[in-house]
Amino acid sequence: SRSTHMSVDVLRELGTEARYKNPQNAKPGAFGPVVILGAGDLGALFLDHLKSSPHDYYHGMSVLGFVDQSVELHGRHMRSFPVLGSLALVPSLVENEGLKGIIVAIANPPATLREELATLADTHKIHIHFWRVNLESQ
């Protein structure tokens, strides 16, 4: 497996691909409560990125925890955040926790997953943010 150790400088350069192009320029409170889809290395890297980002870079974002389709991870913790369950939890998280978005921390999510996320976004009026690490030099 690839090393997940990176300098803070590299982490600051990591980007977000989102439904709106510049999430850091969104209105205050635009993010709200989110879950991270993918309790693997990329999910952990997103948490590192979040910690190293300027305080107001992701306006109003609070991480409720992770969702992951791997049942064996449910109930575990990653970096002190709980793995809450699968995407099936999204409707109750919207209703009970005010969920506003999902950070997708999965490399190359399959089309079926993208379709499921699009349906959740439309049905529950939440944002889907595709986060990816780009370490290639430009």
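A residue counts as buried when its relative accessible area is under 20%. The exercises below apply this and related cut-offs to a predicted model.

**Exercise 1.** Decide whether Tyr58 and Phe46 are buried or exposed.

*Solution.* Begin with Tyr58, whose relative accessibility is 6%, so that Tyr58 counts as buried under the 20% cut-off. Then turn to Phe46, which has a relative accessibility of 0% and therefore counts as buried too.

**Exercise 2.** Find how many aromatic pairs there are, and work out what kind of pair Phe46 and Tyr58 form and which parts of the chain they tie together.

*Solution.* Rings pair if their centres lie within 6.5 Å, and by this rule there are four aromatic pairs. One of them joins Phe46 and Tyr58, with 6.1 Å from centre to centre and 65 degrees between the planes; because an angle over 60 degrees counts as edge-to-face, this pair is edge-to-face. Finally, since Phe46 belongs to helix H2 (residues 41-52) and Tyr58 to the loop between H2 and strand S3 (62-67), the pair ties together parts that are twelve residues apart in sequence.

**Exercise 3.** Describe the pair of Phe46 and Trp131 in the same way.

Notes:
Residues are numbered from 1 along each chain as its sequence is written. This is a predicted model: local features need pLDDT of at least 70, side-chain atom pairs count only at pLDDT 80 or more; totals for chains, interfaces and linings use all residues. Side-chain values use heavy atoms; hydrogens and water are left out. Rings of Phe, Tyr and Trp (its six-membered ring) pair if their centres lie within 6.5 Å; planes under 30 degrees apart count as stacked, over 60 as edge-to-face and the rest as tilted. Helices (H or I, at least four residues) and strands (E, at least two) are DSSP runs, numbered from the N terminus. Buried means under 20% relative accessible area, exposed over 50%, partly exposed in between (1.4 Å probe, protein chains only).
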